[in-house]
Amino acid sequence: MAVGQSAACPGRDLRGLATALDRVARWVRRATPRADLHGVALSVLAALVTNGPLRVGQLVEQERISQPGMTRVIHRLAEAGLVERRADPVDGRIVLVAVTSPGRALLVDRQAARVQALVEHLSRVPLSEQDALCAAIGALNALGTTPDLTATPPSHIRPCRHQP
């Protein structure tokens with residue numbers, strides 16, 4: 001089977017999709033003002049905003065870094081006042097990590113900066129491509145929220161029509 005093809009997704013240009021997603025992710029990182037935090041720390045904050053308080057072990061599993069590495073990330077975030085550790089209300093022996101108001105505000109500010117950069121960038125993209133991007137929002141959200149990133153894609157996915 002050719003690189004960029006999948007038995008579950010015959011006839012698809014998955015390499016083209018992966019490349020496009022990589023380019024967009026790089027552009028978003030470059031277009032957003034630098035943060036004092038690295039990507040994992042920002043991802044942890046976003047996970048806590050989305051999912052609520054989590055155990056360190058859950059964050060380790062989600063971010064795929066070591067337990068000591070995550071402990072250092074949580075320590076830095078806590079020192080900055082962006083997260084707090086609290087006892088689990090059901091089992092007080094368990095420590096949960098929760099985002100604080102300043103942590104939430106930091107993410108809101110970064111999102112606003114990204115939206116502004118996107119608005120400016122999209123103004124240079126043809127309207128038909130703007131419409132296509134807006135139409136893809138639901139699919140991109142579904143792709144980004146798939147619970148198990150290692151799962152085999154379902155066989156009911158339709159082919160992408162990629163034009164270089």
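**Basis of the analysis**

The model is predicted: local features require pLDDT of at least 70, side-chain atom pairs count only at pLDDT 80 or more, and totals for chains, interfaces and linings use all residues. Residues are numbered from 1 along each chain as its sequence is written, and side-chain values use heavy atoms, with hydrogens and water left out.

**Overall architecture**

The protein chain contains seven helices and three strands, where helices (H or I, at least four residues) and strands (E, at least two) are DSSP runs numbered from the N terminus. Read from the N terminus, the order of these elements is α-α-β-α-α-β-β-α-α-α. Of the 164 residues in the protein chain, 22% are buried; buried means under 20% relative accessible area, exposed over 50%, and partly exposed in between (1.4 Å probe, protein chains only). The accessible surface of the protein chain is about 11,600 Å², and carbon and sulfur atoms hold 57% of this area. These areas come from the Shrake-Rupley method with a 1.4 Å probe, and for residues only the protein chains shown count as cover. Among contacts in the protein chain with a separation of 6 or more, 52% link residues 24 or more positions apart. Contact here means heavy atoms within 4.5 Å.

Three strands form an open sheet with the order 1-3-2 and antiparallel pairing. Strand 1 (54-55) and strand 2 (83-87) lie at the edges with a single partner strand each, so one side of each has no neighbour in the sheet. Two strands are taken to pair if DSSP finds at least two bridges between them. Strand 1 is joined to strand 3 by two bridges, whereas strand 2 and strand 3 pair over five bridges. The following table lists residues that stand opposite each other.

| Residue | Opposite residue in strand 3 |
|---|---|
| Leu 54 | Val 97 |
| Arg 55 | Leu 96 |
| Arg 85 | Val 97 |

Strand 3 is mostly covered, with four of its five residues buried.

**The nonpolar core**

A nonpolar core is defined as a set of buried Ala, Val, Leu, Ile, Met, Phe, Trp, Tyr and Cys residues joined through side-chain atoms within 4.5 Å. The largest such core comprises 19 residues, and those with the most contacts inside it are Val 44, Leu 48, Leu 59, Met 70 and Leu 77. At least two core residues come from each of helix 2 (39-51), helix 3 (56-63), helix 4 (67-79) and strand 3 (95-99). Helix 2 makes the greatest contribution, with six residues. In soluble globular proteins, nonpolar side chains tend to be buried together.

Neighbours within four places in sequence excluded, Leu 59 is in contact with Val 44, Ala 47, Leu 48, Leu 54, Arg 64, Met 70, Ile 74 and Val 97. Arg 64 is exposed at 58% relative accessibility, and although not a glycine, Arg 64 has a positive phi of about 60°.

Ala 78 belongs to helix 4 and is partly exposed, with a relative accessible area of 24%. Residues up to four places away in sequence not being counted, Ala 78 touches Val 83 and Arg 85.

**Charged side chains**

The structure holds two salt bridges, a salt bridge being a side-chain nitrogen of Lys or Arg within 4 Å of a carboxyl oxygen of Asp or Glu. In one of them, the side chains of Arg 86 and Glu 84 meet at 2.5 Å (N to O). Arg 86 is partly exposed at 36% relative accessible area, and Glu 84 is partly exposed at 33%. A salt bridge also links Arg 93 with Asp 91, their closest N and O atoms being 2.8 Å apart. Arg 93 is exposed, with a relative accessible area of 73%.

Arg 110, in helix 5 (residues 101-122), is buried yet has no salt bridge. The nearest side chain of opposite charge is that of Asp 36, 8.9 Å away; Lys and Arg count as positive and Asp and Glu as negative, while His and the chain ends are not counted. Apart from neighbours within four places in sequence, Arg 110 is in contact with Thr 32, Pro 33, Arg 34, Ala 35 and Leu 42.
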